[in-house]
Every structure is written in structure tokens, then in C-alpha cells.
Amino acid sequence: MSPLLANIYLHELDVYMESNYLHYSKSERSMRRRKGKGNFLYGRYADDFVVLCNGTKAEAQAMKEELGRVLSTMGLTLSEEKTKLTHITEGFQFLGYRIERSIGTKGEMVLKVLIPRSAIKRFLHKVREITAPNTTSESANAKIIAVNRLTRGWCQYYSCTSSTSQIFNKLNHEVFWEMAHWLGKKYKLKIPAVMRKYRKANTLRYKSSTLVMPDEIKTRKRLVRAWHNPYTEKEMVGREKERIKRESLLSYNSLWLGNEDRPGEMDLREEALLKHGPICAKCKGTFHPSEVYGDHIIARKRFKDPTEADRIENIQILCHDCHRAKTKIDLKVLSRMR
């Protein structure tokens, strides 16, 4: 609800900036510069917005005060703590990116969109949280999948930044060794043994799961063009409005850490698939591996020792319909036993 409410409330701010500062043509902007006036650019995502000014510091300060007055008419106030006035050479952070102007490879001042150090630290912290020593009871497949989801999401989000390849290469070392040490702790192996058993080229592989390395994610060039707000832009003559592709943002809070309701369940299912194939034990149908379940032949709750229930001899492969039907029967039998 928060982004939706922000869009409703701040739509008036979008309209204000569009009608007062963003409607000038390229020639009109040049004319304003020759007269000593600055031009403004404005971008907003939910309740985060940034205003760029190529004029004087006094003009930028006046714009900050003007925005405060506009927001006050809407019952809102600018946060003095978060609202900063800064020069582009000092840089600023917006939507998880660091934007600054500095010397480029050719010795000229260029605009750079960078990955903040805080974002790199947060990524590494999340990798270490997934591969924490106290999680070795979980499936190796589950942990590799969890790290892969984090790596893909994070690297794709930052794939269009400056010096991306250098940072991704450095992160390879961290991701690789965190997972290698986790496998060593889980299976009580020393690192040389982990390398012999699980290393494949420059990554790690456990049965059907392969660890995705950050440098595998392709980098992209920044899209240097002006996007107009589709809700405030006037109708364009001669061609249709361009559609803006919405970004899928990475959420650390909702990220799966590879934890299982029943620790080791994914590895057990993987082992049963290797033994029986994706063939349902009841209807004998052949399915895609993602469409079948690992099922206990004798219900787990009927064992005093759960480890006995998890023996591979007690695991069968069932399709969705057969698994659902057997679960209903197992629940009825267990309710009668109680």
C-alpha cells in the first residue's frame, strides 16, 4: 500500500514540476542557460525523489524551499534529515545507486552510476546469513538455490552500473568460499576434499544444483535517454506513448534463506529422483522433475525415530494428484490412531 499511497499523494508534485520546470524544449533550456538561469530535472519513485539543477547553489536552495512550500499545501513536510543539498562531484544515493560526476578513463569529467559500498556489504552479509554454520541441517540444494536467487537478483539490479565487472569478479571469491566452507561443515570435510568432490571449473556443484557466480550475470549499458512520466506527459502527436518497463526490485526482507520446514527434505527428494526418476510410483506416469514430490511410503509420524522415516527405502516419487490422495489417506489413518 505504501508505494500506491505515495503515488496518489505525490501526483500533484509530479504535475507541479512538469508544468513549471520540465516542459522546456532543448533550445529553451539553452536560452535559459545563456541568461544565467539554471534548469531542473526531477525523478521520483514512490516517496523518494531527486531534483537535479545545473544552476547555482542559491537556485538549488531556493528549489528546496519551494518544494517544501508545495508539499505543505498537501499536508506533507520535507524531512530535513534526509533532504540534502549536495554537489554532483560529491555524489548522492538514490534507489540504492550512488550517482556522482568524476574523472573518467579518458581524463574527462563524466557521470557515473556506481554500486554503493553499503550495498556490497549488505549483499555479503546476506550470503553469510544464508550459509551460517548453524544451518548445516538444511539441504545443500536448498542453500545453493537460495544463494543463487540472491546473486541473480542483486547482480541484475546493479548490472548497468559503472565498473560492474570488476566488482562482480571480486564477489566471486566471497560467494565461492562461503558456500565451500558451508559444505565442508555440513559433510565434515576439509577444504581440499570439498574441492575434489564438489568443484566444477570455477564454481561448485551439488548433484543437480550449480552455484551461480556473480560474474556470470551479463552487464548492460545504461539507457541514456529521457523517460517522461506516463501520467503527466501530454499526448504525443505522430506516435504512441512509449511504455516504461517496470523494474523488479530486490527485497532483502522477503528473500528465502534456504530454510526448510523439514531440514534435509530437498536433498532427500533429489536422491529419490536419482534412484527412481520422475516416475509416479502409483499411476506410473512420467513427469517433469519439478512436477513430482518426494513422499514417505510409511507416514513420518508413525516412526518414533524420524531418521528411520527418512531412509531412502521409505521414499517414493508421486505426482501431484497421487500425492494429494495419499496425504488424505495418511491423515485419516493418523487421526484414527490418536
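Which residue in β5 does Ile99 stand opposite? In this predicted model, local features require pLDDT of at least 70 and side-chain atom pairs count only at pLDDT 80 or more, whereas totals for chains, interfaces and linings use all residues. Residues are numbered from 1 along each chain as its sequence is written, and side-chain values use heavy atoms, with hydrogens and water left out.

Ile99 stands opposite Val113 in β5. Strand β4 (residues 97-103) and β5 run antiparallel and are joined by six bridges; two strands are taken to pair if DSSP finds at least two bridges between them. Helices (H or I, at least four residues) and strands (E, at least two) are DSSP runs, numbered from the N terminus. The order β3-β4-β5 describes an open sheet of three strands with antiparallel pairing. Because β3 (92-94) and β5 (109-114) each have a single partner strand, one side of each is left without a neighbour in the sheet.

By the salt-bridge criterion (a side-chain nitrogen of Lys or Arg within 4 Å of a carboxyl oxygen of Asp or Glu), the count comes to eleven. Lys64 and Glu80 form one of these, at 3.6 Å from N to O. This pair links distant parts of the chain, with Lys64 in helix α3 (residues 57-72) and Glu80 in the loop between α3 and β3, 16 residues apart. Accessibility is classed as buried (under 20% relative accessible area), exposed (over 50%) or partly exposed (in between), with a 1.4 Å probe and protein chains only. Lys64 is buried at 18%, whereas Glu80 is exposed at 59%. A network of salt bridges links Arg128, Glu174 and Glu178.
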